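Have a go at each task before you read its solution.

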Amino acid sequence: MAIGSGLGAQIGIAAESVYGTFVAPAKFIEPTKEGLQLKKTTAQSAGIAAGRLVPLSSRRVVTQRQASGSLEMEVTNKAMGVLLQTLMGTTVTPVQQAATAAYLQTHILADTAGKSLTIQKGVPLTTGTVTDKTFLGCKIISAEFSCEVGGMLVVTFEIDAKDCDETQTLAVATYPTMAPFNFVQMSVKTGTYNSETALGGVRKMSVKIERPMAVERFYAGAEGLKAEPISNDQVKITGSIETDYVATTLDDLHTSDAATSLVWDFTGPNIAASHNERFTIKVPAIRIDDAPPVIDGFDVIKPTYSFTGLFDGTNPTAIEYMSTDITL
């Protein structure tokens with residue numbers, strides 16, 4: 001029996017071959033918080049009958065089913081590949097680095113058609129019995145990564161799902177030995193693409209990738225369940241950089257509205273040879289939206305620069321992930 005609280009909970013994931021078709025989870029992640037839940041649409045008969053004061057229970061019907069919610073977690077040095085692939089869209093095979101135990105995943109921004117997950121969560125009753133709630137057809141519609149002084153690199157995934165199935169067998173959770181990326185490992189670089197240099201004074205950083213989708217594709221003959229959401233707008237990339245005012249680099253970019261490449265990197269322990277655990281977000285062009293520095297009392301000036309990520313016409317937005325994961 002599990003512990004009858006959140007201490008006994010589990011989240012398992014698996015990439016689906018067909019949207020909304022169950023695949024038994026083989027990988028287990030460690031969220032810090034989740035909010036996935038079933039959403040149903042009901043209709044109640046409004047027929048008039050002499051003397052009837054309350055609507056008939058037998059005339060309430062469920063007309064639509066779907067699910068949505070969020071997963072909050074630390075970005076770890078293992079087991080992130082399936083989630084990154086579902087967010088970014090490119091089908092990825094980890095590439096072994098020379099003859100070492102290091103494998104590089106390069107997740108390039110692409111359409112996410114055909115990329116969905118089965119997410120199974122185990123929710124403990126107070127008795128210790130763990131109930132199954134399996135979410136099918138999970139599409140990642142946004143992800144926000146952030147890290148600040150003294151903290152971990154964390155991410156919040158927003159998810160849209162086709163349905164919640166409570167008839168599956170709960171998979172047995174197993175966890176690899178892994179560690180989170182953190183502020184000590186963080187660097188931020190800007191400049192010419194592929195020749196970026198370190199930006200000083202950075203205290204906090206965030207990047208959000210939004211994948212707008214048509215998520216209301218309900219059609220006759222589908223038993224009230226949606227068809228796979230499809231992209232219906234351009235990808236939105238935004239973020240912010242909080243700094244001490246140690247240089248005018250970002251301030252000047254705000255003034256000129258010039259573009260700069262952005263590399264946000266976390267480099268962890270060595271795996272083998274010159275290959276370290278690594279998580280890197282590369283945006284080929286960002287433009288600073290606001291804000292120029294302001295004086296707010298006696299303390300060090302701490303401007304926060306918000307930015308928009310754009311395409312430079314040549315180089316794609318990408319997430320690189322170096323780990324010992326041989327497969328996603």
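The exercises below go from the whole chain down to one residue, and the model you are looking at is a predicted one.

**Exercise 1: the overall picture**

Find out how many helices and strands the protein has, and what share of its residues count as buried.

*Solution.* 
- Step 1: go through the secondary structure, and you get two helices and 21 strands.
- Step 2: check burial. Of the 328 residues, 45% count as buried.
- Step 3: The accessible surface is about 16000 Å², and carbon and sulfur atoms hold 54% of that.

**Exercise 2: the nonpolar cores**

Work out which residues of the largest nonpolar core touch the most other members.

*Solution.* 
- Step 1: now look for a second, separate core. It has five residues, among them Ala 102, Leu 104, Ile 271 and Met 322.

**Exercise 3: helix H1**

Decide whether helix H1 (residues 81-88) is largely enclosed or open.

*Solution.* 
- Step 1: list the buried residues of H1: Gly 81, Val 82, Leu 83, Leu 84, Gln 85, Thr 86, Leu 87 and Met 88.
- Step 2: that's eight of the eight, so H1 is largely enclosed by the rest of the structure.
- Step 3: Gly 89 follows H1, and its phi is positive, near 105°.

**Exercise 4: zooming in on Ser 261**

Say where Ser 261 sits, whether it is buried or exposed, and which side chain it has a polar contact with.

*Solution.* 
- Step 1: find Ser 261 in strand S18, which covers residues 260-272.
- Step 2: the relative accessible area of Ser 261 is 2%; the cut-off for buried is under 20%, so Ser 261 is buried.
- Step 3: look beyond its neighbours within four places in sequence. The contacts of Ser 261 there include Lys 189, Tyr 193, Glu 196 and Pro 284.
- Step 4: pick out the polar one. The side chains of Ser 261 and Glu 196 are joined by a polar contact of 2.6 Å.
- Step 5: compare sequence with space. Ser 261 and Gly 309 are 48 residues apart in sequence, and their C-alpha atoms are 9.1 Å apart.

Note on methods: Residues numbered from 1 in each chain as written. Predicted model: local features only at pLDDT ≥ 70, side-chain atom pairs only at ≥ 80, totals over all residues. Heavy atoms only, no water. Helix = DSSP H or I, 4+ residues; strand = E, 2+ residues; numbered from the N terminus. Buried < 20%, exposed > 50% of the residue type's maximum accessible area, 1.4 Å probe, protein only. Contact = heavy atoms within 4.5 Å. Polar contact = N/O pair within 3.5 Å; in protein donor to acceptor, adjacent residues only side chain to side chain. Core = buried A, V, L, I, M, F, W, Y, C linked by side-chain atoms within 4.5 Å. Areas by Shrake-Rupley, 256 points an atom, 1.4 Å probe, with all protein chains shown as cover.
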